[in-house]
Amino acid sequence: MTVRVVLREAGFDLEFHTLTDLAGGTAGVPLADILGRDGFLVQERLIVPPHLVGEADLDAAWHLAPQECNPALLLVGHSALPTQRTAVVVRPKLGGARVEAHPEAMKIMADGVQLLFSAPLCSAPDRTPQALAATFQKIGAILAAGGMPESALARTWLFMKDILADYGLLNEARDRCLEGWFSQAGRVVPASTGIQARMAGPQALSLEFWAFSGTGVTTRMLRSPLQDEATAYGKCFSRAVAVEFPASTLVLVSGTASIDQGGASLHEGDFAGQLTRTLEVIAALLQGAGGDFSTVAQGIVYLKRAGDLELCLRLLAAAGFPCERVLFQVETPICRDELWCEIEVTAVVGRKG
């Protein structure tokens with residue numbers, strides 16, 4: 001199955017493609033056809049069963065057209081599930097935007113708008129504060145090379161090899177790098193996901209980020225009515241961020257789990273209760289930008305236990321959540337041992353008026 005959602009602006013289209021079929025293997029339009037002659041692939045994610053890791057790497061779009069693509073993030077999935085893939089493609093309109101390929105990022109420039117999408121940034125294998133901090137420091141260097149301020153950072157993804165053992169180290173490294181950037185009043189702290197992942201390489205951390213700036217774009221924090229901000233208990237990320245372009249809004253919802261207003265875990269030992277709470281929080285965040293589950297363009301559902309997948313799919317379908325637009329990463333520990341699921345989403349909301 002191939003699903004496409006498009007954010008349309010005067011100078012460019014931002015396309016979100018999901019290529020997955022949990023019932024019978026990956027299907028749909030080949031990536032070469034999706035890119036066509038005018039597309040630039042700014043983010044590609046693959047979740048593949050262990051026995052297909054080598055083949056999937058060769059199949060990544062970067063090998064087909066390295067000048068038009070960021071390298072893919074390759075995650076090792078469950079042996080019983082098929083390959084799953086998402087792709088984010090920028091399609092400039094004639095005379096409306098231009099694209100610059102940087103060594104570790106793709107930059108898009110349109111009238112009053114700049115967008116920067118990083119490639120996966122990989123740490124050294126060492127699980128040390130210094131090794132992790134060096135990876136975060138690459139963010140500032142890439143932003144500077146792209147002529148964008150540090151405050152343009154709107155979304156980060158942090159994939160760790162052992163989140164339960166190293167979550168403290170991860171937060172220490174992130175805070176050391178980012179707190180100074182966002183300490184000024186009014187600065188929007190980026191949305192983020194911090195999750196465990198099995199990666200094909202030896203790195204302890206793989207990091208990706210998106211940044212937006214310009215007179216034609218406004219970034220604002222979306223506050224959750226059901227959870228306090230993570231910054232209230234010392235974590236440098238927002239629950240969600242809205243990036244408002246002239247014609248539409250991009251909503252970036254952080255990795256979200258079953259946590260109450262004060263930051264405590266809810267529904268311990270109850271998967272259905274945890275998933276229901278997670279969906280309630282995400283729905284409330286989307287509503288804050290005028291969206292709902294129908295506006296979800298892409299996402300990832302993280303499950304600690306593979307045995308919960310069938311129930312998860314039933315509960316998501318009953319809630320009207322678009323399973324066909326998200327990837328499923330199972331047997332993935334969440335940042336707290338008692339949490340059994342986490343969901344992140346990106347949504348596209350049309351502007352009114």
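R45 lies over the face of W157, at 4.8 Å from the ring centre, where a charge sits over a ring if NZ of Lys or CZ of Arg is within 6 Å of the ring centre and within 35 degrees of the ring normal. This is a predicted model, in which local features need pLDDT of at least 70 and side-chain atom pairs count only at pLDDT 80 or more, while totals for chains, interfaces and linings use all residues. Residues are numbered from 1 along each chain as its sequence is written, and side-chain values use heavy atoms, with hydrogens and water left out.

**Exercise 1.** Describe the aromatic pair that W157 and W210 form, and state which strands hold the two residues.

*Solution.* Begin with the rule: rings of Phe, Tyr and Trp (its six-membered ring) pair if their centres lie within 6.5 Å, and planes under 30 degrees apart count as stacked, over 60 as edge-to-face and the rest as tilted. A search of the whole structure finds 7 aromatic pairs. In one of them, W157 and W210 have 5.0 Å from centre to centre and 70° between the planes, which is edge-to-face. Next, locate the residues: W157 lies in strand β10 (residues 153-160) and W210 in strand β12 (residues 205-213), so the pair ties together parts that are 53 residues apart in sequence. Strands here are DSSP runs (E, at least two residues), as helices are (H or I, at least four), numbered from the N terminus.

**Exercise 2.** Decide whether W157 and W210 are buried or exposed.

*Solution.* Buried means under 20% relative accessible area, exposed over 50%, and partly exposed in between (1.4 Å probe, protein chains only). W157 has a relative accessible area of 1% and is therefore buried; W210, at 1% relative accessibility, also counts as buried.
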